[in-house]
Each structure stands twice: as C-alpha cells, then as structure tokens.
Amino acid sequence: MGQFEAFSALLDYPVYVVTAAVGEERAGCLVGFAGQNSLHPPRFTVWISKANRTYAVASRSRVLVVHLLPAHRHDLAELFGARTGDRIDKFAATAWEPGPGGVPVLTGAMAWFAGHVLDRADWGDHVGFLLAPFDTTTTSHSSGGPLTLHDVKDINAGHPA
C-alpha cells in the first residue's frame, strides 16, 4: 500500500446515494466522494464514476438528489452500490417518490437535498457535479448517525473502475 492509500484508509466520512432523472429514465448510485464546498452561497459537489450508468443520466439532468443514509440502511447502499442499472431497475426494489424535477427521492434516507447542477468538472475517472441546493428534507435525527465509508467496505462496485 502506498503512502496516500494508507492516509486514505484512515478516512471515514458519510456515503451518499445520488439519484438523477431525465424524462422517464431514472438512475442512482452510491457515492463516496462528495462534500460541501461553499457556505455563501451554499454549494455541494458529488463525484460520479464515468463507468457508472448514473453518470450518463446525471450528465443530462438539470437536478440531482443527494441522500444521506442512516447507519442501519446498508441494504440501500448495497442496492445502489453493488447493483448496476444496466441490468436491473433499482427503483423497483425500494420505496421512493418523485421529487424535484421528477428525480427519485428514496424514502429510506435520513435526509436528502435536491440541487441544481451548476457545473461539471472532469478530473479523472470521476466527474464532479457542482450543486446549488434548493430543497432539503431531514426525516430522521437518529442518534445512530449516517452510513459511512467504513460501513460499506464490503460492497463490490456494480461498475468497477
């Protein structure tokens, strides 16, 4: 293991499920690279793998929804991280509602926000989507906290890089 990999192995931050929609086409994936990058105005960036079907849909979507999962919802992380939308309809396997812009909102999330896509940055095997949050819902103040990177290390990516 290289020095940067050793450093990265110490990190443990939340993971997210990002959903997108264009017309009737829906997609969603588990995202490990994301974070707030401005307070005023509020901005958040999610990084989506180019190998992922969600990337193709998100690239055409004007709105993305970012879901924070509670620690006990490993099942949702596995559905959106280990399964590929090229083979299954992930949304047929879980409860959701149409949200802003028709983008799916997962009912099992502890919180979510919808964001307008302001920009995209291609910096390697992932593309960053800069979002301007405009609708936020917190559904749970569970003391269990969010699902984190270490919680999902057992999940093999549906579209490995």
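Analyst: Let's begin with a term. Patches are made of residues with over 30% relative accessible area and no salt bridge; like charges are joined within 9 Å, and nonpolar side chains (Val, Leu, Ile, Met, Phe, Trp, Tyr) within 5 Å. Accessible areas come from the Shrake-Rupley method with a 1.4 Å probe, and for residues only the protein chains shown count as cover. A salt bridge is a side-chain nitrogen of Lys or Arg within 4 Å of a carboxyl oxygen of Asp or Glu.

User: What kind of model is this?
Analyst: This is a predicted model: local features need pLDDT of at least 70, side-chain atom pairs count only at pLDDT 80 or more, and totals for chains, interfaces and linings use all residues. Residues are numbered from 1 along each chain as its sequence is written, and side-chain values use heavy atoms, with hydrogens and water left out.

User: Which residues make the nonpolar surface patch?
Analyst: Phe4, Phe7 and Leu11 do, and the patch covers about 330 Å².

User: Where is leucine 11?
Analyst: Leucine 11 is in the loop between helix 1 (3-9) and strand 1 (16-22). Helices (H or I, at least four residues) and strands (E, at least two) are DSSP runs, numbered from the N terminus.

User: New topic. Which residues gather in the patch of negative charge?
Analyst: Asp12, Glu78, Asp151 and Asp154, on the surface. Lys and Arg count as positive and Asp and Glu as negative; His and the chain ends are not counted. The place of a charge is taken as NZ of Lys, CZ of Arg, CG of Asp or CD of Glu.

User: Where does aspartate 151 lie?
Analyst: In the segment after strand 9 (126-138).

User: Which way do strand 8 and strand 9 run?
Analyst: They run antiparallel, and 11 bridges join strand 8 (residues 111-122) to strand 9. Two strands pair if DSSP finds at least two bridges between them. Alanine 121 stands opposite glycine 128 in strand 9.

User: How many residues lie between them in the hairpin?
Analyst: Three, and glycine 124 in the turn has a positive phi of about 135°.

User: And strand 4 with strand 9, how many bridges?
Analyst: Six, in the antiparallel sense; strand 4 is residues 43-49. Valine 46 stands opposite phenylalanine 129 in strand 9.
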